[in-house]
Each structure stands twice: as structure tokens, then as C-alpha cells.
Amino acid sequence: MKAIAVHPGKPNSIHLRDVPQPSIDAIPDGRGIRVQVLRVGVDGTDKEINAAEYGAAPPGDDFLIIGHESFGRVLEVGSDVPDTIRPGGYVVASVRRPDDTIYGRIGLQDFTTADVYYERGINLLHGYLTEQYVEDAQFVFALPESLARVGVLLEPTTVAQKGLNQAYEIQRRLKVWQPRRACILGSGTVGLLMALGARLRGLELTVVSLPQKPYRNADLVEALGGAYFSTQATSVAEASAKRGPFDLIMDATGFSPIVWEAAEALGKNGVLVLSSITGGERTAEIPSDKINQGFVLGNKVMVGTVNASPADFRSGVDDLIKAEALFPGWLEQLLTTPIHGLENYEEMIRALTEDRDAIKVYVEVNSSERTPRKSTQ
């Protein structure tokens, strides 16, 4: 079968290759699931792996199958797979796998303290840009048929979910936390999904991002009942004066200096969630005394978040279901840029590199139907 892969460490090595069809026997104790890949979302991570900025091949291979945002249909299940996952059903697989740290052993591999981590399609494990994959049932999440059109958005949704869930978990320290206003920094895919998650939790929504209106992403924010501001015309502080104080601020810009503007604008007992992985060398001059005093006297929190736990996948499914009911058609508008077929991997990279209007680029891997079956092992 076909797969899109790179040679990690070699820039622009993306290629189409033949790989063996997987067998559920590779997963012990009857826990295996064989999945036909239907769609795979791609993002800056895939582009950066192709640019050899990071990524590592699994032991024994000199190539890495990329793609970590999966969506597929179950073809075959092992004898000890829960009946919530059935042949013919839709599923999404998670990305990071447990390690030997205490966090990996309790199912919180997203909090690992290990320097080496295992992520499908990113580091030391093959990904999902292929025709089929096999996975352990514990890392696979069932989706209802109602999410068939938008299920490929679950994995990026979990990035937003973890940030939101962690903010509420942290604020259990207050015994009572009743946030009213949220500000999302950035209006890309993750920023929009953060905005959706905040709105579904009943928060007044403000989004601050670089592009000026008219702008499709701003229209999507306003469709949720939120307010949109461009940083070209309005600073974070000015947005806070109009719409704040903000109880929750979440950053998905990839522009680290804006974090310090957000720290100043955060309200008392507020949480600032950082999710951008910035690999540059930017520096910023900040009013450090003012920010420090505000955090101390205001009991504020700044927290970083990466990856997602099984609980975040489950809450992500719940939020996608709610979104389809409350804002019908909104999620599908994020799926702006389809790439038809694995063989068009060069078009995929061009879209990630050059299409500034794209919200979510995704590969249509296989839309054909196959007859699923139950394993007899």
C-alpha cells in the first residue's frame, strides 16, 4: 500500500512509497484495530518535519510516515476490543504514546518528563498518511456518524480541549471559579477551535489576531457570537479595555512577544494558557515589575500546554457534537483545502507553504467503501 514519508534529517525528502499492509496481529492480546484511512489533516508540523527541523524515524527504518491528524473507518477488530468500537464505525487515533515515566504509566503521557517521546507521524512512530494503519484499541476513539464530515478536526480540537480543561482544573484551587470573558490570541485552526470551545462553555468571546477585516476567519468568530480585533489596529490592552477584563486568555499565534501583552491584560484570578511552540530567537522588552506585581496581587496563572490526554479526546468528541447542533455547518467551513490522493503530496506541501487563506489543509486518502469484518482470533 502507499504512504507519504520523509527521510528525517534530510530537507525536502517527502515522497510516496510502498509499505506493507498492517495486520492486527501486530497488537497483542486481541486489542488490535485495523483502520482504513479516509482523511488526514496536515499542518505546520508536517511542513517542518519535511524541512528537517525535527522528527525521527522508527527504529530499524530510515523513513518516517508523516501525518498525525487521522480520521478513518474500522475494517477489522481483535477479539478483545470493546464493542464501542465496531467494524464500519468511524474512529480517530491519538498521537503520543506512553513511556516509562510515572505519567506514561497512568495514561498522562502528554505530561511526560522524558526527553525522548513517541508520537505517531512525528517522532519514532509512523503516522497516518497511508492507506491503512493498525493500532491498540486504547489509543482509538469512536466518533458518531454525525461527525463523518468533520471528524478529521478532532485531533487539533484536542489541543484546544487540553488548554481549556487544564485551565478549569487549575482553578479548582479557588473552590469557586466563574469565568465570564475569554480572549483567544490567533485565528488559525487551533485558535478558532479554542474560540469554539470557549463559546461552548458559555464565555463571552474575543479573538485578537493579525489579519484585518474583511477576513473569513473573523467572520467565523462573529458567527460564534464573538468579537474580532486585528492587532494592526487594536492592541491586546485596547481589546481588554473594550471587552475585558479577561478571565481566560489562550495563545495560538506562534508569536511569543504577544504573550507579555496578554500577561498584562489578564484579569484577577485569571489563567493565561500558552500553546504556541516558538523555535525562533525573538526577544522582547517588557514591564517586568508591572507584570510580576499583577500576577502576585491578582493570583494569576500562566501555564504551558502540549499534546492531549485521552480525556481531552473524549471531551473533544463531545464539543464537536455540540458544535454541530448549536452552530450547524460552522466546523465544515474550517475544511478549506482538500488534497485529493496521497500521490499529490507535493500539492499538499505547497498548500501548507503558500496558501495564506487556508484554514485546514487535509488529504482525502480513501473515500471508497470496504466490507469490514470481525476477527476470529
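1. A residue is called buried here when its relative accessible area is under 20%, exposed when that area is over 50%, and partly exposed in between, using a 1.4 Å probe and protein chains only. Gly89 is partly exposed, because its relative accessible area is 25%.

2. The note concerns a predicted model, in which local features need pLDDT of at least 70 and side-chain atom pairs count only at pLDDT 80 or more, whereas totals for chains, interfaces and linings use all residues. Residues are numbered from 1 along each chain as its sequence is written, and side-chain values use heavy atoms, with hydrogens and water left out.

3. Gly89 sits in the loop between strand S5 (69-77) and strand S6 (90-93); strands are DSSP runs of E with at least two residues, helices are runs of H or I with at least four, and both are numbered from the N terminus. Setting aside neighbours within four places in sequence, Gly89 is in contact (heavy atoms within 4.5 Å) with Gly72, Arg73 and Val74. Leu297, 208 residues from Gly89 in sequence, is 52 Å away, C-alpha to C-alpha.

4. On the chain as a whole, 10 helices and 20 strands are assigned. The radius of gyration, taken over C-alpha atoms, is 21 Å, which agrees with the value near 21 Å for a compact globule of 377 residues; the globule rule is 2.2 Å times the number of residues to the power 0.38. Along the principal axes, the C-alpha atoms fill a box of roughly 65 × 45 × 40 Å.

5. Of the 377 residues, 53% are buried. Among contacts with a separation of 6 or more, 71% join residues 24 or more positions apart.

6. One cavity of 30 Å³ or more is present. A cavity is a set of points on a 1 Å grid over the protein atoms alone where a 1.4 Å probe fits but cannot get out; a pocket is an open set with protein on both sides within 12 Å along at least five of seven lines, and lining residues have an atom within 4 Å of a point. The largest cavity holds about 40 Å³ of space, and its lining includes Arg96, Gln138, Phe139 and Phe313.

7. The second largest pocket contains about 250 Å³ of space. Its lining has 17 residues, of which Pro22, Arg120, His126, Tyr133 and Val134 are the closest to its centre. Strand S10 (residues 132-136) gives the largest share of this lining, three residues.

Technical notes: Points joined across faces, edges and corners; volume = space filled by probe spheres on them.
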